[in-house]
Amino acid sequence: MMTASRLRMRSQWWSVMAGLVLAVSPALAQELDLSPGHDKGAEEPGFQMLAQADPSPMRGTQPAPQPQGGAQPPAAAQPQVDESALRYFAARGDTARLQAEISRLKTLYPNWQPPADPLAVPANPDPQLETLWRLYSEGRYGEVRKMIGDRLAAEPGWTPPQDLLDRLAAAESRMAIIDASDKGRYEEVITKAAATPSLLNCNDVDVLWRVAEAFARTERPSRALDAYRYVLKSCQAEPERLATVQKAMTLLPYGPMQDLLALEKPASGGGREFDPIRDDLARHFVAEGGTETTLTVAESYLNRLKTTAQAGNAGDATLLGWYTFRRKDMAEAERWFRLSNDRSPNADAAQGLALTLIERKAYDQAEDALYRWRNTNNDSRATYFAATANLLAKDPPPLLAQDVLARISQATMEGRDAATAQQFGWYARGLNQNEAARRWFETALSWKADDEPSAYGLALTFDQQKNLAALEALKRQWAARSERIAAIGVEAETERPVSKPATARTERARAHKTEAVAETSAMAQASARREAARPVSANGCDGKAASTGAQLAAGWCLMRLNRPLEATAAFEQALTSTAATERSDAAYGLSLAYLRLGLTGKAAVAATRAPLSPQRARELQAAILSDRAIAAYSSKLYANALLLLDQRAQLAPERIDLMVLRGYSYMGLKRYGDAIRIFEAAAATGNAEASRGLNDAREAYDEQAGIR
């Protein structure tokens, strides 16, 4: 199949070298309004020629003189015709150009008959004229103009052949149209085409294409459609018709393209003439539908892409993903994006997949899908931080693996994303890491000075740290802009601010209550918050409540007040219940109470006194292992501490404070390289203790290596 660029080269060569631009067929010579006015709309008549062409020689064309001065003019039936070009092409064996010249002359002179032997045409006795024709045939138009001017100056009585002048003018107009088109001067294209109507015909489709493009680029789509439609209605060469559709689909919207495709004909070899580009048409239309939500693409195009996508074309699966995503069909969109990303991982499919996952609140999966491609472009970056901010904003705070926290932290610092930094602050507060929270809130404010939720979080952290000087300075700064910041320290404030993570396409606003608790295990702390949300009976924290249900409620009430010793008695009473659910809740609460008291052994025994759900069993086991690891480290049993941490890591992701403990355990064993690796990962989250440990480990490593 001939490409559009090869067709353009062929069209340029044909018109310039054979002079076909002057041969305007009467059947094609209809009127065309090429004036640079406004688009007339769909009701505008079909593509028409600028001026009614005359099948006789062009106006102003004089009969060319005979090549030899003594020859007699032919009879009336055989008009006087300049046949020197025939001899020129025949002498060079250029049969294609020879036939083109014969066609041109027969169009201009219907009664003319070509010579049987073009080589027998008498040679032009004027060698300078022969040179002019040669330069013209080689496309050296500037030299032709100069040579004509020089000869007119030297021979005032000499007249150049009108045929040569007409050809030269048309060729120069064509070059000017091409130059204007290539440089984006589209109004100039239209004006010059209007001035040279002889160029607008099927013999030079490239000019028609350029005029159509000029109309499209100047917001006159109906005229562009007329131009393309003219080609399909009037021109018969299959490669040029195919290329016309290929060009049109990049410039015309979906609706007009359907009108153009209605002019399709059967192909000479069977089937339909546009079958070779049917898949490309479907891709273009579905891609257009992926940006225009009001556009409904025909099922035939969608089904064609579904077939190719299921056969392994990842790009087609991505196009279908965006098409369905824009129409809020998230399940289908996720299916197509995932199919594309699985077969050929790419940024476009990863972003689409992340957006669908954000829509269904699977923020951890969205972050994982897009992390690799987060810096591809601004949209990818915004989508990634929408996922991270929403992930950290979950309540209760999710327990994320250390490598995930580290990479989100690093990406946040690199991308300077204030929303994710803010949510890191709230995340750290949820795990009672107030120093880390302070740093993240301050970082967020350094990137977005008017971020009130970050300022509020910083104020709460200062208040909890008893940093009254910093709190008062912050309150003065925000007094006129935030009532709730001004009220901190005046009345109890525990409400987490409404925030809008990133430029998230999924806006969420919710409140979060922080608990002033000091549990040994962050896992147990999160579980206690969940249980503390249960309603309390009318007896409140009355330890003398009669029913086991009331005793259970009293136990949770006492845990909220951070009175775990009294809570153990209430949970012991609740364990006498005959209801399996209450006994399970009581055993779980009793274990948490013993953990808060630091009685790890008793916590382990309490966990066995009633069946627990698998999740609660894992949480308690992880908490118990955490406490035992801390105890082992305190006893300088560093190897045992590492063993217990490894066992815990099989149950739950390792928290930052336990990463620090692991680092110091490696320090105790003088494994400074391992300690540096762990501290670096923990310090990346903003943990102050990890940063101090990293410095200590590096100093110890240098001393061990004899650097100091």
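Helices here are DSSP runs of H or I with at least four residues, and they are numbered from the N terminus. Welcome to a predicted model, in which local features need pLDDT of at least 70, side-chain atom pairs count only at pLDDT 80 or more, and totals for chains, interfaces and linings use all residues. Residues are numbered from 1 along each chain as its sequence is written, and side-chain values use heavy atoms, with hydrogens and water left out.

**View A. Lys670 sits in the loop between helix 32 (656-668) and helix 33 (672-683).** Most residues other than glycine have a negative phi. Is Lys670 buried or exposed? Lys670 is exposed, its relative accessible area being 56% (buried means under 20% relative accessible area, exposed over 50%, and partly exposed in between, with a 1.4 Å probe and protein chains only).

**View B. Glu219 is found in the loop that joins helix 8 (205-217) to helix 9 (221-234).** Phi of Glu219 is positive, near 60°, and Glu219 is not a glycine. With 68% relative accessibility, Glu219 counts as exposed.

**View C. Helix 6 covers residues 162-182.** Its 21 residues reach 30 Å from the first C-alpha to the last, close to the 30 Å expected at 1.5 Å a residue (the expected span is 1.5 Å times one less than the number of residues). Which residues of helix 6 are buried? Among them are Leu164, Leu168, Ala171, Arg174 and Ile178. Just after helix 6 comes Gly184, with a positive phi of about 75°. Arg174 also belongs to a network of salt bridges that links it with Asp182, Asp204, Asp206 and Arg210 (a salt bridge is a side-chain nitrogen of Lys or Arg within 4 Å of a carboxyl oxygen of Asp or Glu). By this rule, the count comes to 46 salt bridges.

**View D. Arg185 and Glu188 meet through their side chains in a salt bridge.** The N to O distance is 2.6 Å. Arg185 is partly exposed at 31% relative accessible area, and Glu188 is partly exposed at 27%.

**View E. Arg360 forms a salt bridge with Glu334.** Their closest N and O atoms are 3.0 Å apart. Arg360 lies in the loop between helix 16 (347-359) and helix 17 (363-370), while Glu334 lies in helix 15 (residues 330-343), so the pair ties together parts that are 26 residues apart in sequence. Arg360 is partly exposed, with a relative accessible area of 43%, whereas Glu334 is buried, with 13%.

View F. Arg438 is buried at 17% relative accessible area, and Glu435 is partly exposed at 29%.

**View G. Helix 12 (residues 278-289) packs with helix 14 (residues 314-326).** Their axes lie 8 Å apart at an angle of about 30° (axes are lines fitted to C-alpha atoms, for helices over the stretch in contact, and angles run from 0 to 180 degrees between N-to-C directions). Which residues of helix 12 meet helix 14? They are Arg283, Val286, Ala287 and Gly289, which meet Asp316, Leu319, Leu320 and Tyr323 (contact means heavy atoms within 4.5 Å).

Key: Helix = DSSP H or I, 4+ residues; strand = E, 2+ residues; numbered from the N terminus.
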